Amino acid sequence: MKPHLAPVEVPDPAALGHVQRLCDLAEPYADGPGTDALFASAMAEANAWHAGRSPFFAALLEDPAEAPAPTVGDGVRTPLVPAAFFKRHELLSIPRDEVFLHLTSSGTTGQKSQMFFDEWTIRSAQRMVARIFDHYGWITPEQPVNYLLYSYEPAPALQLGTSFTDNYLCDFAPARHTTHALRHTGTGHEFDVHGCIAALQRYAEDDVPVRILGFPAFLYFTLERMRAMGLAPLRLPEGSLVVLGGGWKGHADRQIGKDAFYAEVTDRLGIPGDRVRDTFGSVEHCVPYVECAQHRLHVPVWSRAAVRDTGTLRPLPYGERGFLHLVSPYITSVPAQSVVMGDLASLHPGEECPCPLSTDWFTVHGRAGVSRNRSCAVAAAELMKGMS
C-alpha cells in the first residue's frame, strides 16, 4: 500500500465508527444511496461529538434547525457556521495538548483563521488528497520530478495552510529539484519572478516531468513576464502537471478567464489542458476539491456541498448563485463540519459534466462583498506589487 493511503484511526472508534467508515472509502467519487446513508450517519456522530465537547456547537444544535439542503441530506443537521467566524474565535473540541498541528489562513497582517487539528483530522484530510491524486494517476514514487512551487518557501514558525499543503503534495513524486517562487528573506517573503523563469528554462532541458503547484496568479505573472521579455515558448517534458489553488484574490482586476489562462499555459509551457487543474479548499475546510479533466470541481464522497441564498441562507436550486456551503464529518478537533464560505458559487448535477464522474460539481464565481479579511492569496498578491 502507498504510504499516503495507509489507515488512520478516529479518536474514539465506538463514538465515530461511521466517520471512520466514510473516511475509509477508497473511491473518491463514489456515490449512491449507500454512501448517502453512511454520510448521514457519520454527520450525526460528528454533531454529537462536537456537541459533547464544544458549548458553542451544543448551543447551535439547540437553536431552531436550519433549512435542510437536499444535496447534503434532508435529515442531516448542518448548523451554519461562517468561515469568517474562525477569524475571530478559537474553538476546540479537544484538549490543547492533543493539538497535532496549528495552521493559519492568511499572511503576516490582517485577521487570520486559527485552525487546530488533531492527528486524525489532518491525516484524514491528507489521505483524501492522496486518494484523489491516486485516482488521477498522479502518485508516481518511481518517477522523479522537478518542482516549481508558487507558494511560500518554508521558514521558522511559518504556519500557513497553503505552504503546508503544497509541500505535502511534493510527497507524491520524488523531487530531483525544487524551486520556491516566494523566497524567504529573513524578514518575510518576496516573489522571485526571474528565479521562476530561470527554473522553467532549466527544467525544460531536463529529462524528467515538471510539477507546478500553488497560486495561479503567480504562474500567470511569470508567463506574462516571459512574453514581455520576448522569450521563446518552452516545452516542458511529457508528464508535466500543473495543480493550482488559492485563487486570484487581490488581483481580480488582472485575472483572465480560465480557458484563456489554461491556453496560455499550454502555449508557453507545452502542458496539455487536461494536465492543468485548479483546486478549491481552505484551512477551515480541508477536504480537497480538484478539477476533473473537464475543469469542474466535483464533490468527493467524504463531503457534500450546497449553495445558500446570500440574504436568507435558504438552500438554492442547481445553477443559482449564493454562498458556498461545505459539509464533512471528518474533522474532530474543531466544530467546522458545516461551514458557509465567503465565496459565491453555483452547484450543478454530475450529469452536466461530460467526464465519467457522477457527483455534483460547483463553480466558484468570486468572493461575496468587500471584506477586510486577508487570505493567503491576498497576502501573497501584495508581494506582486510592482509587477504591473
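Guide: What follows is a short talk about a predicted model.

Visitor: Why is Leu-313 called partly exposed?
Guide: Its relative accessible area is 31%. Buried means under 20% and exposed means over 50%, so Leu-313, at 31%, falls in between and is partly exposed.

Visitor: And where does Leu-313 lie?
Guide: Leu-313 is in the loop between strand 12 (304–308) and strand 13 (321–327). Its phi is near 65°, a positive value in a residue other than glycine. Most residues other than glycine have a negative phi. His-295 also has a positive phi, near 70°, and sits in the loop between strand 10 (289–290) and strand 11 (297–298).

Visitor: What makes strand 12 and strand 13 a pair?
Guide: Pairing needs at least two bridges. Five bridges join strand 12 to strand 13, so the two count as paired, and they run antiparallel. Ala-306 stands opposite His-325 in strand 13.

Visitor: How do you know that strand 13 pairs with strand 14?
Guide: By the cut-off of at least two bridges: six bridges join strand 13 to strand 14 (residues 338–348), therefore they pair, again antiparallel. Here Phe-323 stands opposite Leu-344.

Visitor: Why is strand 13 called mostly covered?
Guide: Because six of its seven residues are buried, that is, under 20% relative accessible area.

Visitor: What is the reach of helix 7?
Guide: Helix 7 (residues 216–228) reaches 18 Å from its first C-alpha to its last, close to the 18 Å expected for its 13 residues. Its buried residues include Phe-218, Tyr-220 and Met-226. Just after helix 7, Gly-230 takes a positive phi of about 75°.

Key. Residues numbered from 1 in each chain as written. Predicted model: local features only at pLDDT ≥ 70, side-chain atom pairs only at ≥ 80, totals over all residues. Heavy atoms only, no water. Helix = DSSP H or I, 4+ residues; strand = E, 2+ residues; numbered from the N terminus. Expected span 1.5 Å × (residues − 1). Buried < 20%, exposed > 50% of the residue type's maximum accessible area, 1.4 Å probe, protein only.
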